[in-house]
Amino acid sequence: MPGRRPAPIVVVGVVETHGRAETEALLMGLEVLPRRRLAYKEQTLEEMDLDALIARRPQIALVDELAHTNAPGSRHPKRYLDVEELLSHGIDVYTAVNIQHIESLNDVVAQITHVRVRETVPDKVFDRADAIELIDLTPDDLIQRLKEGKVYVPKQAERALEHYFSPGNLTALRELALRRTAERVDEQLLTHMQANAIAGPWAAGERILVCVSEDPRAAGLVRYTKRLADRLHAQWTAISIETRRSLQLTDEQRDRLADTMRLAEALGGEALTIPAVGRRIADDLIHFAHANNVTQIIIGKSNRSWWFELTRGSVVHDLVRRSGNISVHVIAGDEEKVAKAAMQTAARQEPFNARPYLMALLFVAFGLAAATLIKPLFGGIENVDLVFLTAVVSTAARYGLWPSLLASLVASLCYNFFFLPPVYTFTITDPTNVAAFFFFMLIALLVSNVAARVRSQADTAIGRVRTTESLYAFSRKLAGTATLDDVLWATAYQTALMLKVRVVLLLPEEGVLTVKSGYPPEDELDQADLAAANWAWSNDRPAGRGSDTLPGAKRLFLPMRTGRGAIGVIGIDDDRTGPLLTPDQRRLLDALVDQGALAIERVLLVEDMDRVKRTVESDRLRGALLTSISHDLKTPLGFRAWRRLDLARPRRRPQRRPEERSARHHDRRIRAAQSLYRQFARHDQTRIRRHRAQHRAARCQRDRR
């Protein structure tokens, strides 16, 4: 194309020189793309121009500081996501990263340097590299380079030497870098030996289980398990036991647990949540370990008091006593903030409802009326407290904890004011009545708490049963659908019904994502939504509203995955602001999307099978037709060869003989058969049928002549 520059071999996307003349000299002769400017909080920030780099389509792109956090307003929050997009466009990337930015080593680095590095790169990005080159320097050489200003500018280098880059820290970081590189080389050696059937000592099949909870130290346990699994070349699983206590977790604790499980998946492990079956959590862990051939269990050190462990038991102690041949690692970790999730979840917001509290007061009023009627009949106040306890238990069973606590308080005051002498005052003169009032209030609070907890568990169980029934009905509905449109409509409708959101489904059509269904029906998306949907499809990650990528979109888009990869994209939105889904709703959406994706894949596979069947039938028909044509051509060709020899002899009379007319007739048949064969080779069956009809009509007319 005239005017278009040829694709270069190497283009510099971004290189941070930090004002170093030595580094700037290395860039001489290379094409350096201008950076993109972004306005943020009354200042201008510069970032790599990802779109310009993709448009240049070099063979190799140089991208410095892989762990860098992009400025707000960028397409991706992290630079390693920019690198992944470059790789998806077929552009090789040369990049650099320091050892302290590797995700699985984050807590080790923090323990050594006493500084928590917030910019990290997932291990899967590091492991995806085709080649790794270690730039190794002794601590003394690196400190000398810092003093000479070859790493940072002088002031920044001085601060780094005082706080982070001490000789001890540099030695420890150097050891980590050497160990991580050695593990990578060892993996390459094992792969080579296995691929070439070279005898050697292989891994004994270790399997590791790490126990996680809502504790802030759980992320450190996951990283430790990742490092141990890499050294042992073992599979590992992160497990969470769901108990009655799990129902009482706050939204922050639920989000922390969900983030830890996602961290385990991001580091290459398997994340599972199973319900508690036995009375002890340790029994459930041991049962799972035996059923899945686990050889090592990792659990965090408990920081609970000895009184708590004495009264309620210790999971760590029970696990060690019951583990048998399974090794148990008890790890002490530091509290940390789990990395921000790729998709934000919304807090469960329930509007204040005064009706339960009014009903609690009404129940106490009924109890007061009943106690007033009972007291003269039985001649004492011994049974009055039972009437009030009945009102408190009824409130707790019907309306939950906080209304029952209000009922307990009001019932205690009514019991004192109306029935303990002197009546109609809050003064208690008899010490016996003081004890009775105290124990009545205590029992009322305890009973209301227990009843409210039972009600909460029952409501949770009922909600799960309803969700399970809805998912089962949805799966049966999908199993009975045979067309793609029905599957898409059922998926969109069920998702909108259960999550109370608007849904749109997109599938690829000739390489372009196209809206196929929605509830309520909607056929058009704006440019921001289309960009988010295409990015979610291309990168197999959430995008759009509430996510890290293209958060300005109206909808949140998630890829629909199966074993063969992403097959479509689902988009959801509603009229609220902020994140769309709570952690529980996110898990429900995952279940709905997985079932819908499997049903879509099933329908597509059926269509592929029908297409293959038609192709096989077409090939069979073509073979039969060719056999028939070859059989029909035998007689005309033989007759034609014989008659041509006979007609080549000189004749005394010039008129045409019947044999000549027959030969010409066979010639026409041969030409017609040849034309029919050419048309069939072009797979134009409609023209074949039309030509057959015309050929029969022409032959009938000739026969009439």
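Q: How many bridges join strand β15 to strand β16?
A: In this predicted model, 7 bridges join β15 (residues 556–562) to β16 (residues 565–573), and the two strands run antiparallel. Two strands pair if DSSP finds at least two bridges between them; strands are DSSP runs (E, at least two residues) and helices are too (H or I, at least four), numbered from the N terminus.

Q: Which residue in β16 stands opposite L556?
A: I572 does.

Q: What is the strand order of the open sheet?
A: The 5 strands follow β13-β12-β16-β15-β14, with antiparallel pairing. The edge strands, each pairing on one side only, are β13 (512–519) and β14 (543–544).

Q: Which strands does helix α18 touch?
A: Helix α18 (residues 484–499) packs on the sheet against β12 (502–509), β13 and β16, where contact means heavy atoms within 4.5 Å. The direction of α18 makes about 60 degrees with that of β13; angles run from 0 to 180 degrees between N-to-C directions, and axes are lines fitted to C-alpha atoms, for helices over the stretch in contact.

Q: New topic: at what angle do α15 and α16 pack?
A: Helix α15 (residues 384–399) and helix α16 (residues 401–419) pack at about 165 degrees, with axes 8 Å apart.

Q: How are residues numbered, and which are used?
A: Numbering starts from 1 along each chain as its sequence is written. Local features need pLDDT of at least 70, side-chain atom pairs count only at pLDDT 80 or more, totals for chains, interfaces and linings use all residues, and side-chain values use heavy atoms, leaving out hydrogens and water.
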